[in-house]
Amino acid sequence: MIMGAGAVLDMNFPDSIVTPTTWNITQEVRKPYDDIFDKNRKITIVEDIYDVLDKKLPADRNIWWEKNLHSSINFEILFHVIEQLISYEKVWSGNNHNPYTYPYFAPFTSRNFKFNSSDLYPVVHEYILRIMRIVNDYNEYFYNDKRKENWYRDFFMSEFKWDVFNFNYDTTVEQCLGNFEDGFEPINGRIDAIFRPQKLMQNKNNLSTINHIHGCINYFYKDQVNNDIFETNMHDLYKYPHFKQVESLMMGRGQSNPASQNNEEYIAGPIITGLRKTEKLTCMPYDFYHGNLHKAVVSSNSMVIVGYSFGDLYVNNLINRMHSIWGGKERVVLIDKWESEKMKYKTEFEKYLQTLPVGEIEFIELMSGCTWIGELSEFLFGSKYSIPKYSKNGSLMVVISGMKKASKIRHDIYSFLKS
């Protein structure tokens, strides 16, 4: 199972917490930041970056029905720009004389954006914490919901042993499964757990596996720097019992950033965001979760994709191989939530098609075997919104009414996966 942000959006979140949509998270990180050295000053660098992108980024004028042509400027894009500014600021200011941290492309760039370089690191720290706090709020809601969201729990209560690759940062799936394998092992006398690759890969107890390939709110660096020196490196992550412990460890802690092969700094840490995810998968547990994803694709012909925006190219390139690996024996269930109003008219198909992620359309075409737009239109829009769509080649089942509705027909989904 590949899970994206849309997997939890059918929950009935209270008004007191931020619903974790990409749009809402983006609005939260755009808000001003406190200057810890000057209480009368607010740092607006994230909003300043957004304004530049909004003015300079080309918009697709063919999508004439979109009110906001730059609605695609999200928190991951903004974070990527901050990372790039961190990499190049020292060069622009003349303070980088280290050949191992000097970006090779730096001589071909120049500063054309006014900002205070001292704002970058504290903003990055708070930026990540804002995202983690949003996730923790809905994570805690689910933990204390008094079984209100049992439809979500029920989906995982099957005879299957799941390999869950959760691109969200929450622990809702862990709460559903109870017993699972994630590769972490408790350390005597410490609150944190260390990652053991063999524990995950061998899975001796034959449990469902949880793979937080993009991080988790309960991850952070080791709390005792001198321990495990020969087992882990400084950028490997450990697991803690609760986010509040991670939050307290993050307060006031500084740590050098790793650099990519072209000497550009990047920020990984407890959660992975931005546009350079593949470079950030080089520490534990992310590198082995990435490897386990490849193992899962070649080990099982059954895959469920829920709430995934198809925004990660390295994931798309892998799951698009399902047909070439399984030769028509693949059984893929795609669960998404499309706007029901636009499902009423087949003549609206071309218009709606352009609002979907390109990666999603490509995946549907590959798995369904549809080769022309009329065939694809009939497959996706030939039945009512709430009715699952089955491709003629028998490989793809599509549910476009969301995770909650999918949970109600979960036994049909299970049957399809085993067919």
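Q: Which class leads the lining of the second largest pocket by count: nonpolar, polar or charged?
A: This is a predicted model, where local features need pLDDT of at least 70, side-chain atom pairs count only at pLDDT 80 or more, and totals for chains, interfaces and linings use all residues. Residues are numbered from 1 along each chain as its sequence is written, and side-chain values use heavy atoms, leaving out hydrogens and water. For classes, Ala, Val, Leu, Ile, Met, Phe, Trp, Tyr, Cys and Pro are nonpolar, Asp, Glu, Lys and Arg charged, and the others, Gly among them, polar. The lining has eight charged, nine polar and 17 nonpolar residues.

Q: Which element gives the most to that lining?
A: A pocket here is an open set of points on a 1 Å grid over the protein atoms alone, where a 1.4 Å probe fits, with protein on both sides within 12 Å along at least five of seven lines; lining residues have an atom within 4 Å of a point. Elements are DSSP runs numbered from the N terminus: helices (H or I, at least four residues) and strands (E, at least two). With eight residues, the top contributor is α4.

Q: What is the volume of the second largest pocket?
A: Grid points get joined across faces, edges and corners, and the volume is the space filled by probe spheres set on them. For this pocket that comes to about 800 Å³.

Q: Which residue in β13 stands opposite Leu-334?
A: Strands pair if DSSP finds at least two bridges between them. β11 (residues 331–335) and β13 (residues 396–399) pair in the parallel sense over four bridges. Opposite Leu-334 stands Val-398.

Q: Which are the edge strands of the open seven-stranded sheet?
A: The order runs β7-β4-β1-β10-β11-β13-β12, with mixed pairing. Two strands pair on one side only: β7 (209–211) and β12 (389–390).
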